[in-house]
Amino acid sequence: MTAHFRFDNTYAALPDRFFRRTSPSDVPAPRLMRLNRPLAAELGLDPDWLASPDGVAVLAGKQVPEGAIPIATAYAGHQFGHFVPQLGDGRAILLGEVVGRDGVRRDIQLKGSGRTPFSRQGDGKAALGPVLREFVVSEAMAALGIPTTRALAAVLTGEPVRREALLPGAVLTRVAKSHIRIGTFQFFAAREDRDGIRTLADYVIGRHYPDAQAAEAPYRALLDRVIARQADLVARWLLVGFIHGVMNTDNMSVAGETIDYGPCAFMDAYDPAAVFSSIDQHGRYAYANQPRIALWNLARLSETLLPLLAAEESAAIAVAEEALRAFPPQFEGAFQAGLRRKLGLAAEREGDIELAQDLLGAMAANQADFTLTFRRLSDAAADPAGDLRVRTLFADPAAYDGWAARWRGRLGEEGRDPAAVRDAMRAVNPAFIPRNHRIEAAIQAGLRDDFGPFEELISVLSRPFEDQPDRAAYMEPPLPDERVRQTFCGT
Ligand code: AMP
Ligand code: MG
């Protein structure tokens, strides 16, 4: 077999205790559901080969490609605030790393390819529904410009998996800048393995933050950079109405990508307290809690780095605290700048954030659809006749009118060309998001072996900022009987 992946595996070269060697499980009848051809090309892979029977056998875990060193990585993590000293890849296997055309090294991982040494009671497999969900949502996030892991392929295995019922088994090929999580650092900290932490920190600096190497205090610089990327990431989530759903420390990538799409959701009506995950009973991971939780998780990361931050523990704690204090202003700065862009405001004026908050408050009080409000507001910026289409989104349309007058006044102060304001707003306020009811419909059709809706959804979401008149129905929020109130991990 010729080498179809030019693997260059660095994680597998780390000390043995970082991972366990393992192999994907054989499956009876692999079948390709979807190949992400543009992504394959970016990674320097041959899409035609990947779609061939040999390629599909690799994507299903039936065949280990040349050059791969399949491993399950070790990690720990706080799950809903409770520390679990050993988790690890229980249903994911890292095949290896490839360096893409952009020069960036990325992991190629099979998710759902069978048991690993970290599977505990689980079967290591994935059902069709969660695989389709992750494919759709991660690719939608990428198209929205939000850092995320990617989906290279989804295959059916031909083997049923037992969940609440017997469901078709599937494997997702996930691509990530790396799969190193805050929980990976916690794994070594929990074992008081200082060499392990240092080795991991050096590896993360080398792979993700090479400029930290030259800093006066490289480990502090590493912490600063992870904090900054996470602050920016969570701000971006909030600006599109995304709720991750399970922000455990093992689900937070130190590379700053959105990772582990389980019970995630985009909200329809704006509600800061929105929670969709069936297992998040106390709303720990509610929409508006996400910045606070990110900071909590980063505090857990900083604890693992204490031995590297200073010789004395008290001094190290002071360094960590100082680093963490940067999070709130970084998050607020990114979020507020994003809100200004969503409202078409180019300059920074006092009162802008109040103006934005007042709109959000009115939206919450009137169950206004988050995505449609901002999209239609974009058009209203160029033509006040567009107000009609915004105000109908509010339970009490009058709640919009007073605010709209203030907003117009503020826009007028800038004196920019209304069409340019509209275009700038349309470039940040998407028309299309992966709405829950559409994902659910795509999954239900997939279970009937009809992948048409899945394909169409992916296609619509690949151009979220463009009007697609023939696909306008995908902009609509669910009808009352289409509403999805809960999402599930599907593990
Ligand atoms: P998650 O909720 O996806 O972040 O997973 C939490 C932990 O449970 C990770 O260590 C997973 O590898 C493990 N896990 C989840 N589902 C399964 C499964 N079906 N089989 C084995 N391990 C699993
Ligand atoms: Mg996880």
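**Cavities and a strand**

Modeller: By class, 5 nonpolar, 5 polar and 1 charged residues make up the lining of the second largest cavity, where Ala, Val, Leu, Ile, Met, Phe, Trp, Tyr, Cys and Pro count as nonpolar, Asp, Glu, Lys and Arg as charged, and the others, Gly among them, as polar. The model is predicted, so local features need pLDDT of at least 70 and side-chain atom pairs pLDDT 80 or more, while totals for chains, interfaces and linings use all residues. Residues are numbered from 1 along each chain as its sequence is written, and side-chain values use heavy atoms, without hydrogens and water.

Colleague: What volume does the second largest cavity have?

Modeller: On a 1 Å grid over the protein atoms alone, a cavity is a set of points where a 1.4 Å probe fits but cannot get out, and lining residues have an atom within 4 Å of a point. Grid points are joined across faces, edges and corners, and a volume is the space filled by probe spheres set on the points. The lining includes W237, H244 and E257, and the volume is about 40 Å³.

Colleague: Which strand supplies the largest share of the lining of the largest cavity?

Modeller: Strands are DSSP runs of E with at least two residues, numbered from the N terminus. β9 (150-162) and β10 (166-176) each supply at least two residues of that lining, and the largest share, 3 residues, comes from β9.

Key:
Chains lettered and ligands numbered in written order. Helix = DSSP H or I, 4+ residues; strand = E, 2+ residues; numbered from the N terminus. 1 Å grid on protein atoms, 1.4 Å probe; cavity = no way out; pocket = protein on both sides within 12 Å on 5 of 7 lines; lining within 4 Å.
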